[in-house]
Amino acid sequence: MQTQFKLIIGCDLAAYDFKNRAIEALRARGYDVTDAGCWSAREGDYPQVAEEVATRVVAGEFDRGLLICGTGQGMAMAANKVKGARAALCYEELTALMSREHNNSNILASGAWLVSLEKYLDVVEVWLFGKYNGGRHDVRINYMLEMENKR
């Protein structure tokens with residue numbers, strides 16, 4: 001069982017302070033975390049950061065990606081434009097776990113306006129250690145891959 005993950009995290013300006021606190025807390029828990037931006041609470045657009053995180057996760061440079069904006073919606077939508085990205089928008093543990101077990105998500109999006117740091121860290125932990133179930137879910141994942149290849 002993998003216990004150490006190489007993570008990449010990114011945010012927009014709305015989640016800048018939240019992201020910095022999350023990085024500190026994740027590193028304190030022993031995770032290898034790379035910051036992909038944004039670099040200020042005054043400017044930083046989510047599509048560019050989401051694209052970088054998703055591209056680097058899909059390329060295999062990182063085990064998983066974390067994206068945070070005000071609600072997480074924009075980040076998830078933008079990341080899912082990258083072929084091979086499966087970004088799940090989660091605010092609590094059950095949806096995070098199901099996104100791993102059933103959808104094999106490789107990116108977790110969340111909202112700094114909607115969860116406390118403590119809750120976010122709990123969601124991340126459940127998501128990181130959730131295992132993809134495969135089997136009947138492979139058919140659905142493969143169908144999504146076919147959808148991407150049609151475009």
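**Entry: α4 against α5**

I looked up how helix α4 (residues 93-101) sits against helix α5 (residues 117-129) in this predicted model. Their axes come within 8 Å and cross at roughly 25 degrees. Angles under 35 degrees count as roughly parallel, and α4 and α5 are therefore roughly parallel to each other. I noted the handedness as well: α4 passes α5 in a right-handed crossing.

Which residues meet? From α4 I listed Glu93, Ala96, Leu97, Ser99 and Arg100, and from α5 Lys119, Asp122, Val123, Val126 and Trp127. Sorted by class, this contact has five nonpolar, one polar and four charged residues.

**Entry: helix α1**

I checked the length of α1 (residues 16-28) next. With 13 residues at 1.5 Å a residue, α1 should span 18 Å. I found its end C-alpha atoms 19 Å apart, which agrees with that expectation.

Then I asked which residues of α1 are buried. They are Phe18, Lys19, Ala22, Ile23, Ala25 and Leu26. I wrote down Lys19 as a charged residue in that list. For what covers the buried residues, I noted that the cover includes the strands β1 (6-11), β2 (32-35) and β3 (64-69), together with α5.

Just after α1 I looked at the backbone of glycine 30, which takes a positive phi of about 95 degrees.

**Entry: glycine 70**

I located glycine 70 in the loop between β3 and α3 (73-79). Is this glycine buried or exposed? Its relative accessibility is 4%; the cut-off for buried is under 20%, so glycine 70 counts as buried.

I then listed its contacts, leaving aside neighbours within four places in sequence. Glycine 70 is in contact with Asp12, Ala14, Gly111, Ala112, Trp113 and Leu114.

I also took one C-alpha distance: glycine 70 and tyrosine 120 are 50 residues apart along the chain, and their C-alpha atoms are separated by 13 Å.

**Entry: histidine 137**

I found histidine 137 in helix α6 (residues 136-150). Its relative accessible area is 4%, and histidine 137 is therefore buried. What does histidine 137 touch, not counting residues up to four places away in sequence? I recorded Glu101, His102 and Tyr132. Of these, I traced Glu101 to α4, whose residues are 93-101.

Methods: Residues are numbered from 1 along each chain as its sequence is written. This is a predicted model: local features need pLDDT of at least 70, side-chain atom pairs count only at pLDDT 80 or more; totals for chains, interfaces and linings use all residues. Side-chain values use heavy atoms; hydrogens and water are left out. Axes are lines fitted to C-alpha atoms, for helices over the stretch in contact, and angles run from 0 to 180 degrees between N-to-C directions. Helices (H or I, at least four residues) and strands (E, at least two) are DSSP runs, numbered from the N terminus. Angles under 35 degrees count as roughly parallel, over 145 as roughly antiparallel, 65 to 115 as roughly perpendicular and the rest as oblique. A crossing is left-handed if the near helix is turned anticlockwise from the far one by less than a right angle, and right-handed if clockwise. Contact means heavy atoms within 4.5 Å. The expected span of a helix is 1.5 Å times one less than its number of residues. Buried means under 20% relative accessible area, exposed over 50%, partly exposed in between (1.4 Å probe, protein chains only).
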